[in-house]
Amino acid sequence: MKRGLLVLIVLISVTAVAGVRNYVRRDTVMYVAGNEVAFIRFGAVYENGAVKSWVKKGEPTLYASPSEEIVNGRIMDYSSFSPTGEVRNGFIRVAVYGTIKKADLSSTFQDATMQYEDLYYEKCGSCHRAVSLGRYSKRQWYGILTSMQSHAGLSPHEIDSLYRYIILNKE
Ligand code: HEC
């Protein structure tokens, strides 16, 4: 057997065992046996075949932390959903199992969110220099984006993506 091929096979089995951490690079859908089980937003962590999130009892929204600040997505089918036993702040920690297309995953957060960083510099750096994210609080950023919306000719979807990019990076 060619040496390169052998190394590749070893590498693939190692990653399968270690369960590498990946980041979702665009809003996408998670599948189990061809069925859509959850909608997952960019920047969410995907590890060992699951997106771990926090939910409030009886609600489909997936949060990145036990607060309502960052939304990871939404459950579409509860059969893919398994509580981890952790409860905090009235939020329950769950693992949502399913597959995400390889093309929609990156091994680093920075790579996963690169296209939104580009969007930020493109849309918000044309008239003045792009303002550093640390200059304002998350709350202030929301107001800034809304007030710059017409200046920058942004769609509501772009505003939403930029806001998400900013708060994920300010975590
Ligand atoms: C078409 C030109 C234009 C674009 C595009 C634009 N801005 Fe501005 N921006 C301005 C002008 C003009 C001001 C100063 C006057 C004002 O506040 O309206 C400003 C001021 C600001 C300020 C306050 C001053 C500071 O430096 O802290 C922030 C923050 C800001 N912009 C962020 C953004 C963001 C974020 C985007 C992208 C969504 C953006 N801008 C896109 C023209 C633009």
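Helices here are DSSP runs of H or I with at least four residues, strands are DSSP runs of E with at least two, and both are numbered from the N terminus. Counted that way, the secondary structure of the protein comes to 5 helices and 10 strands.

Before I go on, please keep in mind that this is a predicted model, in which local features need pLDDT of at least 70 and side-chain atom pairs count only at pLDDT 80 or more, while totals for chains, interfaces and linings use all residues. Residues are numbered from 1 along each chain as its sequence is written, and side-chain values use heavy atoms, with hydrogens and water left out.

Let me begin with the protein as a whole. Of its 171 residues, 34% count as buried, where buried means under 20% relative accessible area, exposed means over 50%, and partly exposed lies in between, with a 1.4 Å probe and protein chains only. If we take the contacts, meaning heavy atoms within 4.5 Å, that have a separation of 6 or more, then residues 24 or more positions apart account for 58% of them.

Now to the ligand, starting with its iron atom. Which residues coordinate the iron atom of the ligand? They are H128, through NE2, and M148, through SD, at 2.0 to 2.4 Å. This pair links distant parts of the chain, since H128 sits in the loop between α3 and α4 whereas M148 belongs to helix α4, and the two are 20 residues apart.

Why is the arrangement octahedral? The 6 donor atoms around the iron atom of the ligand subtend angles of 84 to 179°, and therefore the arrangement is octahedral. The criterion for six donors is that opposite ones are over 155 degrees apart and all others between 65 and 115. For reference, the ideal angles for six octahedral donors are 90 or 180 degrees.

An oxygen atom of the ligand is 2.2 Å from an N or O atom in the side chain of Y136, and another pair puts a polar side-chain atom of R135 at 2.9 Å from a ligand oxygen atom.

T28 lies in strand β2, residues 28-32, and is buried, with a relative accessible area of 8%. The side chains of T28 and D104 are joined by a polar contact of 3.0 Å, that is, a pair of N or O atoms within 3.5 Å where, within protein, one must be able to donate a hydrogen and the other to accept it, and where residues adjacent in sequence count only if both atoms are side-chain atoms. R41, in the loop between β3 and β4 (45-47), is buried at 12% relative accessibility, and its side chain makes a polar contact of 2.9 Å with that of D160.

Another buried residue is L168, at 13% relative accessibility, which is placed in helix α5, residues 156-169. Although L168 and I70 are 98 residues apart along the chain, their C-alpha atoms are separated by 7.7 Å. Beyond the neighbours within four places in sequence, L168 is in contact with F42, G43, I70 and F109.

Finally, two backbone details. A33, in the loop between β2 and β3 (35-40), has a positive phi near 50° without being a glycine, and A33 is exposed at 77% relative accessible area. N89, in the loop between β8 (81-88) and β9 (91-97), likewise has a positive phi, near 60°, and is exposed at 64%.

How values were computed: Donors = N, O, S within 2.8 Å, 3.2 Å for Na, K, Ca; no water. Tetrahedral: all angles 85-135°; square planar, octahedral: opposite > 155°, others 65-115°.
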